[in-house]
Amino acid sequence: MKKALITGITGMDGSHLADFLLEKGYKVYGIERRTSTKNRTNIKHLEGKVTFLMGDLSDQNSLLRCLKEADPDEVYNLAAQSFVGESWNTPEQSADITGAGALRMLEAIRVYEKKVKFYQASTSEMFGKMEHLANENTKFHPRSPYGVAKLYAHWITINYRESYDMFNVCGLLFNHEGERRGKEFVSRKITDGVARIHLGLSDSISLGNLDSKRDWGYAPDYVEAMWLMLQQDKPNDYVIATGKDHTIGEFLSSAFNVIGIDDWKKYVKQDSRFMRPAEVYYLRGDSTKAKKELGWTPTTTFDEMITKMVKNDIKLLSGS
Ligand code: NAP
Ligand code: GDD
């Protein structure tokens, strides 16, 4: 039985990856950090199936202890301060967890000395200021403290692969969403807001910049790509994306459509509090390499994903 250790298991991707690996017959360990009130919304269903270990990406020894306890074949480093907007409020903490956190996990694996395959959650946010389709060779120009921190984590993962012959891969994942997404991200903020309007709990949604375009995929499809990367003979880095871009307006239109509203504009307010000091206006990825070498393609469409998210939020809010 293969063993996997996941950092960030309480998050959206971590919880989906745990579901996926359990299905594959893995023994799964997940690192949780101490918080004043436990938030197990995404992992409640995993209790009794996954072994939870206490640790923190800011604490090197805790990572080594978790590694020794789990003795994994594969480590998936998904933990991060992952909210771009927040990274201007806490740039140092974002650098420490999102950037140096990856280094701490790599050092723990290096010191541990056993052969462990390592996955780093890199991101399209590293491309930042881009105008065309991005692939593995596109130059980086991050536009947020989060993006800069992720770029450090990306290069240190590659550097440890080249320096110590470690099996390290970076997945350059474009935006992916789903029912377990945090409510501060624009996708879930919209689907939750639409559900509230539908149930008469609210009459509008306040958003920032509506002009950005994103290449939005569905999270459960994307965790499969993470796993596939670690099953290859040689470590390599891959862009994971749908190849299609949509504006936030198109996201809104699709979400309001689920509740039968065509004229969504009268329900949306613009609020400068949600604008960013530097914006990433356009992200679209070319995952030809992943399709060719991993056999990976996304299966859930933009509209299907949004429909699932809106229906789930209506269900959660109505308690049905
Ligand atoms: P998420 O839902 O925000 O989950 C982040 C996870 O990191 C949570 O489990 C969180 O734990 C944990 N964490 C934060 N600080 C920690 C610390 N100091 N020590 C240990 N754990 C810590 O993020 P996600 O959307 O699942 O994304 C997973 C990873 O992929 C992240 O690294 C993200 O940056 C990256 N990524 C995401 C996307 C996307 O579109 N979703 C795209 C590209 C890359 P708590 O619950 O305790 O806060
Ligand atoms: N969050 C948020 N809230 N974003 C808004 C809002 C709002 O009220 N109004 C407009 N937006 C715009 C943002 O300015 C951005 O252009 C776009 O919506 C998407 O924002 P987010 O959903 O917060 O995602 P992100 O693209 O910044 O970052 C996500 O994707 C990255 C991959 O490209 C996160 O998951 C990152 O962790 C991930 O690396």
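1. Strand S5 gives the most to the shell around ligand 1, contributing 3 residues. This is a predicted model, so treat what follows as a reading of that model. Along with S5 (117–123), helix H1 (12–23) and helix H4 (145–164) each supply at least two residues of that shell.

2. Who sits around ligand 1? There are 24 residues around it, and Thr10, Arg33, Ser82, Tyr146 and Lys150 come nearest. Sorted by class, the shell has 11 nonpolar, 8 polar and 5 charged residues.

3. Asp13 puts a backbone N or O atom 2.8 Å from an oxygen atom of the ligand. Lys150 uses its side chain instead, with an N or O atom there 2.8 Å from an oxygen atom of ligand 1. At His176 the backbone is involved again: an N or O atom lies 3.0 Å from an oxygen atom of ligand 1. As for cover, ligand 1 exposes 900 Å² when taken alone, and the protein buries 87% of that.

4. Now ligand 2. Of the 25 residues around ligand 2, the ones that come nearest are Thr123, Ser124, Tyr146, Arg276 and Glu279. The shell around ligand 2 splits into 10 nonpolar, 8 polar and 7 charged residues. Helix H5 (186–198) and strand S8 (205–207) each supply at least two of its residues.

5. The polar contacts picked out at ligand 2 come from side chains. An N or O atom in the side chain of Thr123 is 2.6 Å from an oxygen atom of ligand 2. Asn175 has a polar side-chain atom 2.7 Å from a ligand 2 oxygen, and Ser212 likewise places a polar side-chain atom 2.7 Å from an oxygen atom of ligand 2. On its own, ligand 2 has 710 Å² of accessible area, and the protein covers 96% of it.

6. Most residues other than glycine have a negative phi. Asp71 lies in the loop between helix H2 (60–70) and strand S4 (74–77), and counts as partly exposed because its relative accessibility is 26%.

7. Asp165 also deserves a look: its phi is near 60°, again positive in a residue other than glycine. Asp165 lies in the loop between H4 and strand S6 (168–173). Buried or exposed? At 60% relative accessibility, Asp165 counts as exposed, since the cut-off for that label is over 50%.

Conventions: Residues are numbered from 1 along each chain as its sequence is written. Chains are lettered from A and ligands numbered from 1 in the order in which they are written. This is a predicted model: local features need pLDDT of at least 70, side-chain atom pairs count only at pLDDT 80 or more; totals for chains, interfaces and linings use all residues. Side-chain values use heavy atoms; hydrogens and water are left out. A residue is near a molecule or strand if one of its heavy atoms lies within 4 Å of it. A polar contact is a pair of N or O atoms within 3.5 Å; within protein, one must be able to donate a hydrogen and the other to accept it, and residues adjacent in sequence count only if both atoms are side-chain atoms. Accessible areas come from the Shrake-Rupley method with a 1.4 Å probe; for residues, only the protein chains shown count as cover. Helices (H or I, at least four residues) and strands (E, at least two) are DSSP runs, numbered from the N terminus. Ala, Val, Leu, Ile, Met, Phe, Trp, Tyr, Cys and Pro count as nonpolar, Asp, Glu, Lys and Arg as charged, and the others, Gly among them, as polar. Buried means under 20% relative accessible area, exposed over 50%, partly exposed in between (1.4 Å probe, protein chains only).
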